[in-house]
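Here is a short report for a reader meeting this structure for the first time. Look over the sequence and the model, then read on.

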Amino acid sequence: MDHRRHPGTTIMTTDADVARTAALAGAAIAVAAVADPFTDEVFWTDGTTATVSRNETEEPLKPSAHPPLVDLNLDPPFPNAPAFRATTLLTDPGFTERFRPRVTSTTLTLAWVAAGRRAAYVTDGHVHDSVHFAAGIALCRAAGCVVSGLDGNPPERGTGGLIAAADQDTHEALLDLVNRQ
């Protein structure tokens, strides 16, 4: 499958644990959804608001930094190594004093950040134009999360990688820990 986004297309990808869809209008994501088959939830955005649907009800997504769970993606590739390694962040005393680490590699984790179930998600790699991240990033942005690359710039430009945080304070703390490596 071609993992690049193409303007004016709808992309649907699935893997063993999650389904994600992003419909593009030009270079921007117009609508996006991430499904969690284990909880029968669908997290979705129309590009402006972010919602979770379950049991025929809908609720707005509300990011929260509590509990202080932060998911790290430890899967390669690591294009920013040796300057950034998620494994180094995982063992940083400053990280473990403030956050409780979890290890996952799925766009569903971005939906959890948008829904307030995780404080943040951090990954290395190329997320721009990736169908694996497009829907989750759109959800986070619509919910009001702070989203950047590992260098603090928008993930569409800069060094790559991704920090998606429930709030500015959490984002700044993680960005500082990344920059200290």
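Cys145 is buried, with a relative accessible area of 9%. Buried means under 20% relative accessible area, exposed means over 50%, and partly exposed lies in between, with a 1.4 Å probe and protein chains only. Cys140 also counts as buried, at 0% relative accessibility.

What keeps Cys145 from bonding to Cys140? The sulfur of Cys145 is 4.2 Å from the closest cysteine sulfur, in Cys140, and that is too far for a bond. A disulfide is a pair of cysteine sulfur atoms within 2.5 Å. By this rule the count is zero disulfides.

## Model and overview

This is a predicted model, in which local features need pLDDT of at least 70, side-chain atom pairs count only at pLDDT 80 or more, and totals for chains, interfaces and linings use all residues. Residues are numbered from 1 along each chain as its sequence is written, and side-chain values use heavy atoms, with hydrogens and water left out.

The chain holds five helices and 11 strands. Both are DSSP runs numbered from the N terminus: helices are H or I with at least four residues, strands are E with at least two. Of the 181 residues in the chain, 48% are buried. Contact means heavy atoms within 4.5 Å. Among contacts with a separation of 6 or more, 57% join residues 24 or more positions apart.

Two strands pair if DSSP finds at least two bridges between them.

Inside this order, S7 (residues 69-72) and S9 (residues 120-123) pair in the parallel sense over three bridges. Val70 stands opposite Ala120 in S9.

## A hairpin

Strands S5 (residues 50-54) and S6 (residues 57-60) run antiparallel and are joined by four bridges. Val52 stands opposite Glu59 in S6. Two residues lie between the strands of this hairpin, and Asn55 takes a positive phi near 50 degrees.

## An enclosed helix

How many of the eight residues of helix H3 are buried? Eight of the eight are, so H3 (residues 108-115) is largely enclosed by the rest of the structure. Trp112 is one of these buried residues. Gly116 follows H3, with a positive phi near 85 degrees.

## Salt bridges

The whole structure has eight salt bridges. A salt bridge is a side-chain nitrogen of Lys or Arg within 4 Å of a carboxyl oxygen of Asp or Glu. Arg118 forms one with Asp71, and their closest N and O atoms are 2.5 Å apart. Arg118 is in the loop between H3 and S9 and Asp71 is in strand S7, 47 residues apart. Both Arg118 and Asp71 are buried.

Arg98 forms a salt bridge with Asp169, with the closest N and O atoms 2.6 Å apart. Arg98 lies in helix H2 (residues 93-98) and Asp169 in helix H5 (residues 168-179), so the pair ties together parts that are 71 residues apart in sequence. Arg98 is partly exposed at 34% relative accessibility. Asp169 is partly exposed too, at 48%. Elsewhere, Glu41, Arg54, Glu59 and Arg117 are linked in a network of salt bridges.
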